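The tour below moves from one selection to the next.

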Amino acid sequence: MTEIRGLGYLRVQSRDLPRWRELTVEALGFAETSGPVADGLYLRMDEREARLIVLPGEDDRVLAVGWEVRDQFALAAVGRAVEASGTAVKVLSEQQCRERRVDSALTFDDPSGTPVEVFFGPVLDHDPVRTKWTQQFVTGAQGMGHVVLPTTNFAEVETFYTEVLGFLPRGAVAMGGAAPDQKPRRVRFMGVNQRHHSLAICPAPHGEPPGLVHLMVEVDSLDAVGRALDEVGKRGFSVSSTLGRHTNDKMVSFYVRAPGGWDLEYGTEGMLVDERFYTAEEITRDSYWGHDWSGSEQLAAFTPPKG
């Protein structure tokens, strides 16, 4: 059984903070708050002080995928398991933990080089969360949402998350290659709570930034999704995928391209998994309807670097 309880936060770096603010606050309705980096963008979804943090930098990349555990004993257990696998673990300093607004945390890189942070004791903000569409984000025991990570060494990464960190397999899908002569990419989904998947991994042609395929966040109503979709279009953001319903997690969602070449999935009505009865499934189609990707630009993770 895994010690990981859910996706706690995501820290990314971007060259275009104003456009990020327009996307997340004005279009998708996140609540903006403040943080230790004066020029940073700190976004609330619930009582956590910030779930999504976008910091200024010279390139676009993931800085840390933050996974939450119950307490200091669970944190120590994760640290021991990761070290036993041959991966170096570093304890974050008190200053670094204050910046993340957590009690304690440790960090390491997964086999693809993705920076991972595991923490416990998030600091809460009990002021009301004022979202633009008066929506509530679905978090709590399900965590922040899910991330999809690209990898050039798929088997090693899958083994690390399942056998070292204890993520539970939640099925797979074979996605078509970018060209007719390319083999399909196999995407594997993994869960740690009732959310169908908190993590998915996908083969990628390179290990360069940004290091993300997409982040999914869930809201409590279809109307909030529709209003956000309208606003995304009005503000000139590229809709990577039209509205649709997925076959595995039943989410009704759309995808919008974020600055940096990866997507934000914004959805509602995700299923809850009862682990007592769940068996991993192989889906043969991504969606029951919708999710038309035909007008989408290629994601940065799947675009071979130049030169």
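Begin by selecting valine 147, which stands opposite leucine 215 in strand E13; strands here are DSSP runs (E) of at least two residues and helices are DSSP runs (H or I) of at least four residues, both numbered from the N terminus. What you have open is a predicted model, in which local features need pLDDT of at least 70 and side-chain atom pairs count only at pLDDT 80 or more, while totals for chains, interfaces and linings use all residues. Residues are numbered from 1 along each chain as its sequence is written, and side-chain values use heavy atoms, with hydrogens and water left out.

Now colour E13 (residues 214-218) by accessibility: five of its five residues are buried, so the strand is largely enclosed by the rest of the structure. Buried means under 20% relative accessible area, exposed over 50% and partly exposed in between, with a 1.4 Å probe and protein chains only. On one side of E13 you find His214, Met216 and Glu218, and on the other Leu215 and Val217.

Leu215 leads on to the largest nonpolar core, of 59 residues, where Leu215 is among those with the most contacts inside the core, together with Leu10, Leu28, Tyr161 and Tyr266. Such a core is a set of buried Ala, Val, Leu, Ile, Met, Phe, Trp, Tyr and Cys residues joined through side-chain atoms within 4.5 Å. Helix H1 (residues 17-27) gives the largest share of this core, five residues. Apart from this core lies another, of twelve residues, among them Val148, Ala200, Ala301 and Phe302.

For the last stop, show the open sheet of eight strands, which has the order E2-E3-E4-E1-E5-E8-E7-E6 with mixed pairing. Strand E2 (31-33) and strand E6 (90-91) stand at the edges, each with a single partner strand, so one side of each is left without a neighbour in the sheet. Select E2 with strand E3 (residues 41-44) and you see antiparallel pairing over three bridges, in which alanine 31 has arginine 44 in E3 as its bridge partner.

Methods
Pairing = 2+ DSSP bridges.
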